[in-house]
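I opened a new page for this protein.

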Amino acid sequence: MRSLHLVLVLVLAPLARQCGLTILDTPDGRKYPERCSHICSGISRYNETGIHAWWNSGSGPAGKVVEMSGCHLIAPPIVTITTRGLAGGCPALYEHSITAESVKVYTVGNVNALDPIRSKCNVHWIATGYICQ
């Protein structure tokens, strides 16, 4: 059994390196070792409270802070976001500011913060970044 484990490690280790993730550029322009690249994803729920709740910005769009600290990233990642909820009720989003721990998003156009809550609009996100130097 022990020799089978060794054979598997010797065969699979090179394959893991071949299936690696290559990041060509980052928001801060810095490069880190490829072995440190990482993909993390999640959903920021429509019914979150506190700083992660939908809120009115005062200038038209609604905003939301999407928490990514569980990814353990060391620098601002590349983030892809979208909304999903009840049919036809979720606004488009854009990223306002990104840190290693969170991304602040705003709706495109004038939207009251109650609208994405009523439509149960969750923010689906994927962060591609680095976890070591």
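**Aromatic rings**

I began with the rings and found that Trp-55, Tyr-94 and Tyr-106 form one aromatic cluster. My pairing rule takes the rings of Phe, Tyr and Trp (its six-membered ring) with centres within 6.5 Å; planes under 30 degrees apart are stacked, over 60 edge-to-face, and the rest tilted. The count by this rule is three aromatic pairs. I then looked at Tyr-32 and Tyr-130: their ring centres are 4.8 Å apart and their planes stand at 45°, so I logged the pair as tilted. This pair links distant parts of the chain, 98 residues apart. Tyr-32 sits in the loop between helix H1 (2–18) and strand S1 (37–44), and Tyr-130 in strand S7 (residues 122–130). I took helices (H or I, at least four residues) and strands (E, at least two) as DSSP runs, numbered from the N terminus.

Are these two tyrosines, Tyr-32 and Tyr-130, buried or exposed? I call a residue buried under 20% relative accessible area, exposed over 50%, and partly exposed in between (1.4 Å probe, protein chains only). Tyr-32 has 9% relative accessibility and counts as buried. Tyr-130 has 3% and is buried too.

**Model notes**

I am working from a predicted model: local features need pLDDT of at least 70, side-chain atom pairs count only at pLDDT 80 or more, and totals for chains, interfaces and linings use all residues. Residues are numbered from 1 along each chain as its sequence is written, and side-chain values use heavy atoms, with hydrogens and water left out.

**Cores**

I searched for nonpolar cores (buried Ala, Val, Leu, Ile, Met, Phe, Trp, Tyr and Cys residues joined through side-chain atoms within 4.5 Å). The largest has 18 residues, of which Met-68, Ile-81 and Trp-125 touch the most other members. Strands S3 (62–67), S4 (78–84), S6 (102–107) and S7 each supply at least two residues of this core. S7 gives the most, three residues. Apart from this core lies another, of five residues, among them Tyr-32, Cys-36, Ala-75 and Tyr-130.

I also listed contacts (heavy atoms within 4.5 Å). Leaving out residues up to four places away in sequence, Met-68 touches partners including Pro-77, Val-79, Thr-99, Trp-125 and Ala-127.

**Whole chain**

I counted two helices and seven strands. Their order along the sequence is α-β-β-β-β-β-β-α-β. Of the 133 residues, 33% count as buried. Among contacts with a separation of 6 or more, 72% join residues 24 or more positions apart.
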